[in-house]
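Hi everyone, thanks for coming.

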Amino acid sequence: MRKFFHMDELGTTYRREMIGGLTTFLSMAYILVVNPLTLSLQSIPDLPDTMRMDHGAVFTATALAAAIGSIIMGLLAKYPIGLAPGMGLNAFFAYTVILTYGIPWQTALTGVLFSGIIFIFLTMTGLRETIINSIPLELKYAVGAGIGLFITFVGFQNAGIIVNDDAVLVGLGDLSSGPTLLTIFGLIITVIMMTKGVNGGIFYGMLITAVVGMIFGLVDLPAKIVSAAPSVAPTFGVALENIFQTPGDIFTLQMLVIVLTFLFVDFFDTAGTLVAVATQAGLMKDNKLPRAGKALLADSCATVAGALLGTSTTTSYIESSAGVAAGARTGLAAVVTGVLFLLSLFFFPLLSVITSHVTAPAIIIVGVLMVSALGRIDWTKFEIAVPAFLTIIAMPLSYSIATGIAMGFIFYPITMLVKGRGKEIHPIMYFLFVVFVLYFVFLK
């Protein structure tokens, strides 16, 4: 095993890899609670049950997708990177695709499956480099920052801090409400731990908030701690079955935009995470990422597996940097993370009582981390600032990640051409310009 993971070459030990894998798991474990709540739309009480995904099935799908993705990453690419259904993409899946567009969750899962298959094809053929290079760096940063604002907005809504206001669209909620006060307490605790650099601070923040909620009667006590994992039957294989059952809902321009959004965000989120974590671990060679193709293949395979199980896009987690900081250097750490996700399947009763008010601080803090990409955009160049700003601001204001991407990708060719920088625009950007113009013409 030491030889397989190149442990001697990288100067690491079993103990360091185990601790690193555990640290990564604790830093990511909040997704086991947040993802089922998000995809089942538990924060929207008046929805018909047909629009909701089964909470227990999504929990099992989340844990299995994270386990499969992390173990494949560890064994195939040999990087200390954990995978799980991604924040932002799950919000897009639930609040934009299902809630705003009215697309059934079964069809949305098919969109995730298609994006994963396309990702595999792009990775196997080497086209991924062409696509990555075709989209300007500033727009990549803008998408990440915009998603951060979007999910922060969702977190404030789930907490009741921001509510509907007919006069000005949104306003401040009742901050004296018990559940809202619990979220505010959780946010303060989580901020303190993150500021102090506590590994797994987001996860621990949720646990402390949940315990306080139980003490004050705001959170139900779990009936038991350990049980068999919930059945994944309600969501398993639905993405594949839906292709044959409702083909008319799948092969549409709207679904093309949805698939492109899933693909785009996962594509660059993964690439950014791989580079960041590999650089931190000292694994970069001559400014290049060894086994990058295998790492991207692991990520795309995890997305396909997750879609078949019944969850939104599975992607590489930047929280893996916490594991690297704890000593992880090899794929063994990722395997440890994957095994811990498998073990978590048996603790569903303990996690299922955690409410959206308990998870809201985690969503808000993840948004803060994603918005840091704002500092990498060159705001002094107006031709860059306009499409970047429209990408960022349109996501929370339109309640749609796809709309934000569309607006940015439409204005970028326009501002660059007017500025006389048309030669810098890749032909793929013109193709995306046409796609997103049609998106607004026919769908908005």
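I'll go through some helix pairs, then a strand pair, and finish with aromatic rings.

Quick ground rules: this is a predicted model, where local features need pLDDT of at least 70, side-chain atom pairs count only at pLDDT 80 or more, and totals for chains, interfaces and linings use all residues. Residues are numbered from 1 along each chain as its sequence is written, and side-chain values use heavy atoms, with hydrogens and water left out.

When I say helix or strand, I mean DSSP runs (H or I, at least four residues, for helices; E, at least two, for strands), numbered from the N terminus. Axes are lines fitted to C-alpha atoms, for helices over the stretch in contact, and angles run from 0 to 180 degrees between N-to-C directions.

Let's start with H9, residues 178–195, and H10, residues 201–215. Their axes come within 9 Å and cross at roughly 145°. Which residues of H9 make the contact? Among them are Leu182, Phe185 and Ile189, and on the H10 side you'll find Tyr204 and Ile208, for example; contact here means heavy atoms within 4.5 Å. The residues split into nine nonpolar, six polar and no charged. For those classes, Ala, Val, Leu, Ile, Met, Phe, Trp, Tyr, Cys and Pro count as nonpolar, Asp, Glu, Lys and Arg as charged, and the others, Gly among them, as polar.

H9 also packs against H17, residues 356–371, at an angle of about 45°, with the axes 8 Å apart. That makes H9 oblique to H17; the scheme is under 35 degrees roughly parallel, over 145 roughly antiparallel, 65 to 115 roughly perpendicular, and the rest oblique. Here H9 brings residues including Pro179 and Leu187, while H17 brings His357 and Ile364, among others. By class, that contact has eleven nonpolar, five polar and no charged residues.

On to the strands: S2, residues 162–165, and S3, residues 169–172, run antiparallel and are joined by four bridges. Strands pair if DSSP finds at least two bridges between them. Asn164 stands opposite Val170, and Asp165 has Leu169 as its bridge partner. A hairpin through three residues connects S2 to S3.

Last, how many aromatic pairs turn up in the whole structure? Ten. Rings of Phe, Tyr and Trp (its six-membered ring) pair if their centres lie within 6.5 Å, with planes under 30 degrees apart stacked, over 60 edge-to-face, and the rest tilted. Take Phe59 and Phe348: the centres are 4.9 Å apart and the planes are at 50°, so the pair is tilted. This pair links distant parts of the chain, with Phe59 in H4 and Phe348 in H16, 289 residues apart.
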